[in-house]
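Please read it alongside the model.

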Amino acid sequence: MQTTRFDPAQSDPRAFRDALGRFGTGVTVITCATPTGPLGITANSFASVSLDPALVLWSPAKGSSRYPFFMSAEHFAIHVIAEEQKDICQGFARSGDAFDGLDWENSPRGVPLINNCLSRFECQTHATHDGGDHSIIVAKVIEVATRTGDPLMFFGGQYGSFAPQ
């Protein structure tokens, strides 16, 4: 087994991206309301921050055309996608308006909520931080919906499933 070492500032950016891809993550879809309607984006940059208070984070890319909408949203929702919902994450990876045919509704705060995800966190922006070519949005969780099921996973640029041992 050969290990490759490199300085990410001095090497091909693809090598750094590939190394990051060795970390398996869950898959989320983040949604918010905009003046022209609901908006969503697929992201795997979701993480828990604190249990008390209930805080989570995610990191939108500054180069995304959807970036300004999420940065200005006071409320948004993070949806943890189940294995059988792969088409939902693929839809929002391609287009921010992939709501057609989905079971969704607006929350009392106007946030588009996709129903039947593994977990859904309705959030209020708590803080934002610079993160290089991304921003870091820390959010207070104000409501949770959750169910049992198998998660959709992302590893090495591919979607897959989780097999417990």
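1. The structure contains 0 disulfides, a disulfide being a pair of cysteine sulfur atoms within 2.5 Å. For cysteine 89, the closest cysteine sulfur is that of cysteine 117, at 11 Å, which is too far for a bond.

2. Cysteine 89 is buried, at 0% relative accessibility. Cysteine 117 is also buried, with a relative accessible area of 6%.

3. The model is predicted: local features need pLDDT of at least 70 and side-chain atom pairs count only at pLDDT 80 or more, whereas totals for chains, interfaces and linings use all residues. Residues are numbered from 1 along each chain as its sequence is written, and side-chain values use heavy atoms, with hydrogens and water left out.

4. Over the whole structure, 6 aromatic pairs are found. Rings of Phe, Tyr and Trp (its six-membered ring) pair if their centres lie within 6.5 Å; planes under 30 degrees apart count as stacked, over 60 as edge-to-face and the rest as tilted. The pair of phenylalanine 92 and phenylalanine 99 is edge-to-face, because the ring planes stand at 75°, with the centres 4.9 Å apart. Phenylalanine 92 and phenylalanine 99 are both buried.

5. A tilted pair is formed by phenylalanine 154 and tyrosine 159, with 5.3 Å between centres and 55° between planes. Phenylalanine 154 is partly exposed at 24% relative accessible area, and tyrosine 159 is partly exposed at 27%.

6. Finally, Trp58, Phe70 and Phe76 are linked into a cluster by ring pairs.

Key. Buried means under 20% relative accessible area, exposed over 50%, partly exposed in between (1.4 Å probe, protein chains only).
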